[in-house]
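Work through the exercises below with the model open. Each task is followed by its solution.

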Amino acid sequence: MKNFTMGSLAAIVALAVGAAGYLGLGFANVGADAKPPIWEAVLMNSSVHASVRREAPKVQNSGVATDEILIAGGKLYLNDCVGCHGAPGKPASAFGATFYPPAPQFFLIGTQYSEAQVFWVAKHGIRRTGMFPEGRYYTDTELWTLSAFVTRSATLSPIVMKGMQQPPE
Amino acid sequence: MIAALACGSVGYLRLGLAEVRADMNTPTWEGQLVKFAVQASVRRNAAELHNPPPPTDENLIAGGKLYLGGCAGCHGKPGKPPDNLPGYLSPRQFFQAGTQYSEPELFWIVKHGIRNTGMSAYGPFYSDQQIWTLAAFVKRVNNLPPTLLEGIRAKR
């Protein structure tokens, strides 16, 4: 037992020293212009999703997603999200692709997050990504319209698509 | 022992116990560790880069114009109060805090970005020559004559 304990401690110390040396000598690649390796993407995505699932509000949405709500959310989206997350009917955002991890392109891949989860992510942001906490700038009501819009980005009606492009009155 | 650590970590992550929200302050230990690793890596990668262009007024104004177009939204504008945001995305406010990075290091960061931060890679959008002028500007951001700052704001 004593040998096991000493061996374990030695292994942990060796790992810590090795990690510190690796980082301190600058061997960790920090450039953002690479694609995250699959193992990293899978581990990150599943961990972030699990955490958001735990933290997001239990209430699943703001109510009925009327055209009015979706248009309001779409206008917010075009104002603040489109630069990184892509525009409807357009190819993927070149700017969003230059982040590490890259910004998900909602109009190409949709989202696996529920409305309440999208609300939570938009409000609080995701650390260690380019996703900023928008709760600083928008009210909860506004963020609920945004999450209603984003979770339906693949199935928006022509009325909503047209309405969101109209300039504010 | 190592297997137990690995299993524990994966379980912790999969159960969603890792905090991911960005709107709270970075713990000091995490901030220091990341800074330590990022600075070392940038230093190593930028070591091969030489010959930044001379800091002529022309180059600094060109860099300053790029800065206002692509960087000022997050990193601050000349003569404006800093946007010191609490939380994980708190980009360096150059007009107050300056920078410890050298010109080749700044060039490398702008071109390649820093992963797992909000700093994206600008290599796809700007030429090397443009990025060098930007690095020259950012390095001297707190020692610029007022006439030069006016030149940056002037329309071409």
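Angles of 65 to 115 degrees between axes count as roughly perpendicular. The structure used here is a predicted model.

**Exercise 1.** Determine how helices α3 and α7 of chain A are oriented to each other.

Solution. Step one: locate the helices, α3(A) at residues 67–80 and α7(A) at residues 140–151. Step two: take the geometry; their axes come within 7 Å and cross at roughly 95°. Step three: apply the range of 65 to 115 degrees; α3(A) and α7(A) are therefore roughly perpendicular to each other.

**Exercise 2.** Find which residues of α3(A) and α7(A) meet, and sort them by class.

Solution. Step one: from α3(A) come Ile69(A), Leu70(A), Ala72(A), Gly73(A), Gly74(A), Leu76(A) and Tyr77(A). Step two: across from them, α7(A) places Glu142(A), Thr145(A), Leu146(A), Ala148(A), Phe149(A) and Val150(A). Step three: the classes in this contact are nine nonpolar, three polar and one charged.

**Exercise 3.** Is Ile71(A) buried or exposed?

Solution. Step two: a residue is buried if 20 or more other C-beta atoms lie within 10 Å of its own. Step three: Ile71(A) has 20 such neighbours, so Ile71(A) counts as buried.

**Exercise 4.** Describe the side of chain B that touches chain A.

Solution. Step one: the contact takes 34 residues from chain B and 37 from chain A. Step two: α2(B) gives the most to the chain B side, with eight residues. Step three: that side divides into 18 nonpolar, nine polar and seven charged residues.

Terms used: Residues numbered from 1 in each chain as written. Chains lettered and ligands numbered in written order. Predicted model: local features only at pLDDT ≥ 70, side-chain atom pairs only at ≥ 80, totals over all residues. Axes fitted to C-alpha atoms, helices over the stretch in contact; angles between N-to-C directions. Helix = DSSP H or I, 4+ residues; strand = E, 2+ residues; numbered from the N terminus. Parallel < 35°, antiparallel > 145°, perpendicular 65-115°, else oblique. Contact = placed C-beta atoms within 7 Å. Nonpolar A, V, L, I, M, F, W, Y, C, P; charged D, E, K, R; others polar. Buried ≥ 20, exposed ≤ 12 C-beta atoms within 10 Å, placed from the backbone.
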